[in-house]
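Subject: Structure handover and pocket analysis

Dear colleague,

Please find the structure below for your records.

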Amino acid sequence: MDKLTLESLRVLLKSNRSYRRFDGSKAISELILRELVGLTCYCSSARNLQPLRYRTVTSAEEREAIFPALKWAGYLSDWDGPAPTERPGAYLVQCLDTNLTANCLCDDGLQLEAITLGAAALGIHGCIIKAFNVQEIISTLHLPEQYKPLYVLALGYPAEKVVLTDTDGTHDADIRYYRTPDSTHVVPKRPAEELIINFKRR
């Protein structure tokens, strides 16, 4: 096993951005999705309940059917989402098994990060979507009543450039992502110095 260094982890994390435009000609197989979901077996889980389940969406018919239920970019108010040739090659719908618990606590974010990091290692990127029509997803995918959709993860081979930039470090810095005239997607990030809140004693 190759040694994982702090720098190699940093590089992978920096590459693991939200992508919203993909090469629509490239599908993602069920096998790859199952490999990515398998990574979640090694994630920490609150109370070790492991209550999250995943519905894979790979067929062109199902991908087309759930697309209208999704909202893609809150800060890009004049953009309705990817064009037909730029749509994801697959989706994972993260669901809570409500027969086990009504609250997964921190598990959802931990598992989504594991999946997207694994995808990034394969050259696949995605967009974690919280803004979606829950009932439409349930009915379209015929989800049993016990499974509550929490997030929809769109996955595909990216067809856009995403770059990070530092904010100015102030509390009220503008953190809204935006696109440049050449369609580069720019994501402002607060610098690490702003995240540490240690104060000197008086």
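Helices (H or I, at least four residues) and strands (E, at least two) are DSSP runs, numbered from the N terminus. The model is predicted: local features need pLDDT of at least 70, side-chain atom pairs count only at pLDDT 80 or more, and totals for chains, interfaces and linings use all residues. Residues are numbered from 1 along each chain as its sequence is written, and side-chain values use heavy atoms, without hydrogens and water.

A pocket is an open set of points on a 1 Å grid over the protein atoms alone, where a 1.4 Å probe fits, with protein on both sides within 12 Å along at least five of seven lines; lining residues have an atom within 4 Å of a point.

The largest pocket holds about 430 Å³ of space (the volume filled by probe spheres set on the points, which are joined across faces, edges and corners). Its lining comprises 17 residues, of which Asn 16, Arg 17, Ser 18, Ile 128 and Lys 189 are the closest to the centre. Two or more lining residues come from each of α4 (107-121), β3 (125-129) and β7 (185-189), and β7 gives the largest share, four residues. Because domain 1 (14-159) and domain 2 (161-201) both contribute to this lining, the largest pocket lies between them (domain bounds come from an automatic or database assignment).

The second largest pocket holds about 340 Å³ of space. Its lining includes Arg 17 and Lys 189, and β5 supplies the largest share, three residues.

Yours sincerely
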